[in-house]
Amino acid sequence: MNEQQLNGTDDKAAARDEKASRKIIAMPLYSVKEGLPLGQVKSLLLDPKQKRVLGFLVEKRRFSKDERILPFSAVNSFGEDMISVERAGALERRGASPQYIRACRNPVNLIGARVFTAGGKTLGRVEEYRFDTASGAISALEIAADGLFADKLLARACHIIAIAPHTVMLDDAVESDAERADKPLQNAADNMQAAADKLKSSAADIGKKLSESISGTVSKLKKDDASALAANEQADEAAAETPNEAAAAAAKAAETPDEADGGGETLAANEDENEPEARHPYYGA
């Protein structure tokens, strides 16, 4: 086990032990021993000098006159869905402790505070802050730079010089050391652009396939038309040849009686030649 793990400051442990302030607001409280609901967190009470969370202002109950305070030291556990305390009596009346009176009278809300560097540069506004669940110390600030799609920075607490009601002062080293945090609007815009590009690509693919299908169909129709036209031409040629053949056959048939007549004349001539012989006086009348 290395030194960071022994000290409990390894990255995974730090990520596990941090809580975002917005997730605490409206979170319900329950007592472990009695199992009773104790209300919901209304706001976080900060000590700007110590740069830590002092406690939590709990909403008034139905028949209660004053709001109550949950000291940070009284928290048993910060869960995903609730905050647990050991006993219901851990909650204090709002005016019971001077430090809570000051925190309630002059509350410091980090959300929306302007962030400056010691060198005089404006970094933006605090959009969220995180605190350590073991000590209550502010561990990081999420700073939204001016501009809709500007980068969001995650500045660690080591760079915080001072916290005031409406401003936060950081050292100059934060500019080089700050991490890039998530940018919801930019990420949403990037996701929308990616979805639009994907849709455009899909539409282009569909259009290409449809065009290829139409081209194939047109080519097939043209081929079928060419085949049908060739067949029609062959049929026309065949139809044109048939009357010629019929005419030739008719002409040949017309010539046949002439030949027959010629044959008759030959026979008659032969008969005429033989007839004088039959009438020759030598043979008698």
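1. On terms and provenance: helices (H or I, at least four residues) and strands (E, at least two) are DSSP runs, numbered from the N terminus. This is a predicted model, in which local features need pLDDT of at least 70 and side-chain atom pairs count only at pLDDT 80 or more, while totals for chains, interfaces and linings use all residues. Residues are numbered from 1 along each chain as its sequence is written, and side-chain values use heavy atoms, with hydrogens and water left out.

2. On confidence: pLDDT is the predictor's confidence in each residue, on a scale from 0 to 100. The protein chain has an average pLDDT of 79, and 72% of the residues score at least 70. Over residues 1-15 the pLDDT is below 50, and this stretch has five contacts in the model (a contact being heavy atoms within 4.5 Å) beyond near neighbours in sequence.

3. On two non-glycine residues with positive phi: K51, in the loop between strand 3 and strand 4, has a positive phi of about 55° although it is not a glycine. With a relative accessible area of 22%, K51 is partly exposed, where buried means under 20% relative accessible area, exposed over 50%, and partly exposed in between (1.4 Å probe, protein chains only). A26 is found in the loop between helix 3 (21-24) and strand 2 (28-31), and phi of A26 is near 70°, again a positive value in a residue other than glycine. A26 is partly exposed as well, its relative accessible area being 40%. For background, most residues other than glycine have a negative phi.

4. On the nonpolar cores: a nonpolar core is a set of buried Ala, Val, Leu, Ile, Met, Phe, Trp, Tyr and Cys residues joined through side-chain atoms within 4.5 Å. The largest one has 37 residues, and those with the most contacts inside it are F56, L70 and L170. Leaving aside residues up to four places away in sequence, L170 touches a list of residues that includes V115, F116, L141, I143 and I161. A second, separate core has seven residues, among them L45, L54, L57 and A103. In soluble globular proteins, nonpolar side chains tend to be buried together.

5. On helix 4: which residues of this helix are buried? In helix 4, which spans residues 98-105, they are Y100, A103 and C104. These residues lie on the same side of helix 4, because they cover an arc of only 95° around the axis, the arc being that of the directions from the helix axis to the C-beta atoms. The buried residues of helix 4 pack against strand 3 (37-47), strand 4 (52-58), strand 5 (68-71) and strand 8 (92-93). The face turned away from the buried side carries the exposed residues P98, R102 and R105.

6. On I101, which also has its place in helix 4: this residue is partly exposed, with a relative accessible area of 28%. Not counting residues up to four places away in sequence, I101 touches R94 and G95. I101 and I69 are 32 residues apart in sequence, and their C-alpha atoms are 10.0 Å apart in space.

7. On the aromatic rings: rings of Phe, Tyr and Trp (its six-membered ring) pair if their centres lie within 6.5 Å, and planes under 30 degrees apart count as stacked, over 60 as edge-to-face and the rest as tilted. The structure holds six aromatic pairs. F72 and F78 form a tilted pair, at 5.7 Å centre to centre and with 40° between the planes. The rings of F78 and F131 have their centres 5.7 Å apart and their planes at 65°, so this pair is edge-to-face. Since F78 lies in strand 6 (residues 75-78) and F131 in strand 10 (residues 122-132), the pair ties together parts that are 53 residues apart in sequence. F72 is buried at 6% relative accessible area, F78 counts as buried at 15%, and F131 is buried at 0%. Ring pairs link F56, F72, F78 and F131 into a cluster.

8. On E59, in the loop between strand 4 and strand 5: at 33% relative accessibility, this residue counts as partly exposed. E59 touches G39, Q40, K42 and R68, not counting residues up to four places away in sequence. The C-alpha atoms of E59 and Q40 are separated by 5.9 Å, the two residues being 19 residues apart along the chain.
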